[in-house]
Amino acid sequence: MKVRREVLSRLHRLFYDGNRHREYASIWAMKTESLNLLLSPDEMAEADRLTIQKGVPEFELMQNAGQVVADYVRVNFSPCTVGVVCGPGNNGGDGFVVARLLRDAGWFVKLTFMGARDRLGEAARQHLDLWGAEDSPINDLLDECDLLIDGLFGAGLDRDVVGTFAELIKRMNRTRKPIVAIDMPSGIDGATGAVRGAAIRAVASVSFFRLKPGHFLLPGKSYCGDVHLGQIGILDAVLPRIGGKVWHNGPDLWQIPPYEAQGHKYSRGHCLVLSGDALSGGAARLSAMAALRSGAGLVSLFGDKAALEVQAHHVTEIMLKPAPLEKLLQDERFNSLVLGPGAGVTNALRDKVLSTIAAQRGCVLDADALMAFESDPKSLFDHIHRYGGDNIVLTPHGGEFARLFGKMDEAESKIEMVRIAAEASGAQVLLKGADTVIGAPDGRVVINSNAPAILATAGSGDVLAGIIGGMLARGMSGIDAACGGAFIHGACAQGFGKEGMIASDLVAKLPEVLMAVDK
Ligand SMILES: NC(=O)C1=CN([C@@H]2O[C@H](COP(=O)(O)OP(=O)(O)OC[C@H]3O[C@@H](n4cnc5c(N)ncnc54)[C@H](O)[C@@H]3O)[C@@H](O)[C@H]2O)[C@H](O)CC1
Ligand SMILES: [K+]
């Protein structure tokens, strides 16, 4: 008997220590040069300036920028009459180059310059001279061209577009001709994705060096069309000096810990999901199924006995734990929790959240688990700051976000909102929406842009919470689990197709998507 107990306790130690000491290093912090890094227009201008300072002539950067756009046009369109509309700055300068290169390639090109030659920078003026042809009246250009190039404003947009320029943008859109935007569609704020007065609706946007948040944040994203990135000679070596903190989500940013040959189910963690009551158990079940399909070694539903009796009719691989949370938390093998889906806003839920945080488990706080703190969010945030929030992910949608963090200034971009919220709460904040934005307390922000509109369906958020819970169980940090979860969730919906998807279809897609993101 004694021997058996010793063996059991050795096994328990093995499992338990295996969980606690399994090291998982996030890779995304190391990738300063990653193409997933997004630069604001100001940061982009700085990259430009530092590159020029290191001896690369601006003339050459502009030549290369025009080349990238002209190449894109030649690959994606058949030769036709092209109208290039150039604004007063360097975005227009790129336009002069595009016009010349397409003309050299035998295309028929018209160009209208909406600025003054003597106010152009040196490089743009040289390229205007190389173009050297007569300016076309804008009416002729809009009437006679089959394809338009938008070189009005790019990174230098610094105020709302009004008057003549706003009219011109609207007229260009009204032609319904395809428009290829140089860098950004004119009128879209590259830092926030906002429409500044009026904006070009492009079929494609060809940008340089690194993309900008405005290519992925709404409404900007819906104005960009296909987004294409080209390299023009700006040096990666300048990036450490710029130190951008906004990233576009993708599998390069995080890594799902691989299944180890000598691993066992306990080494992939045990995720606990709080069940709603007997009549509201579906949400938690979706989360639990998603956590299990995401590779958590074990998943258990816990909660009231009456609720679990109903769950028992529905689940097979998922276990049921009718014990109180305080007792469950004494077992260190439960390393991740999903709290909130279908749970009901109660004081009891509030206490469960606080106990989980104090027990320093990885956890996803969703829906009701957030709303349980609506009247006193500070008590939640204080608790997180006290016990540590590295493995905690809050997943509010817009309404919950406002109720928890207060209504922020309308002009505040989602990036800033999430950054403020993550810092205030001490946890990762994943603000759900068509453009999901994820923030870490240290100021890093990730934009997830692969979610199709069909994801807005009942239970979709419960699946997301479950995927993140599964990733936490497998040992990912809060920020990696949140980013991985959001991306995988979007990819499941993309993989499903266009119509008729329900949330459990997302769960069924998980194996395929996880295989695809496996590196
Ligand atoms: N680093 C790179 O990637 C390179 C980018 N290039 C291209 O240059 C533009 C940015 O050029 P910049 O001169 O800074 O700004 P813009 O051309 O976008 O516009 C500035 C110009 O427009 C005026 N302006 C701004 N907003 C408004 C408004 N709302 N209404 C009217 N006028 C406005 C402003 O006063 C200036 O006169 C970048 O996007 C790339 O396309 C370089 O070619 C190479 C390196
Ligand atoms: K543009």
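Leaving aside its neighbours within four places in sequence, which residues is Ser 186 in contact with? The legends below take up this and related views of a predicted model, in which local features need pLDDT of at least 70, side-chain atom pairs count only at pLDDT 80 or more, and totals for chains, interfaces and linings use all residues. Residues are numbered from 1 along each chain as its sequence is written, while chains are lettered from A and ligands numbered from 1 in the order in which they are written.

**View 1. Surroundings of Ser 186.** Beyond the four places in sequence on either side, Ser 186 is in contact with Gly 87, Asp 150, Leu 152, Phe 153, Ile 169, Ala 181, Ala 199 and Ile 200 (contact: C-beta atoms, placed from the backbone, within 7 Å). Ser 186 belongs to the loop between β5 (179-182) and β6 (204-208); strands (E, at least two residues) and helices (H or I, at least four) are DSSP runs, numbered from the N terminus. Ser 186 is buried, since 28 other C-beta atoms lie within 10 Å (buried: 20 or more other C-beta atoms within 10 Å of a residue's own; exposed: 12 or fewer; partly exposed: in between; C-beta atoms placed from the backbone).

**View 2. The annotated binding site.** An unreviewed UniProt entry carries the annotation "binding site" for Asn 91, Asp 150 and Ser 186. These residues span 96 residues in sequence, but no two of their C-alpha atoms are more than 9.4 Å apart, so they gather at one spot. UniProt positions follow the numbering used here, feature names are shortened, and annotations may be inferred rather than shown by experiment.

**View 3. Asp 150 in its strand.** Asp 150 is part of strand β4 (residues 147-151) and counts as buried because it has 29 C-beta neighbours inside 10 Å. Apart from neighbours within four places in sequence, its contacts include Val 85, Met 172, Ile 179, Val 180, Ala 181 and Ser 186.

**View 4. The shell around ligand 1.** Among the 29 residues around ligand 1, those that come nearest are Gly 89, Asn 90, Asn 91, Gly 154 and Gly 156 (near: C-beta atom, placed from the backbone, within 6 Å of the molecule). Helices α2 (41-53), α3 (58-76) and α4 (90-104) each supply at least two residues of this shell, and the largest share, five residues, comes from α4.

**View 5. Two domains.** The domain assignment, which is automatic or from a database, gives domain 1 (37-244) and domain 2 (251-517). Their contact takes eight residues from domain 1 and seven residues from domain 2.

Definitions and conventions: Two residues are in contact if their C-beta atoms, placed from the backbone, lie within 7 Å.
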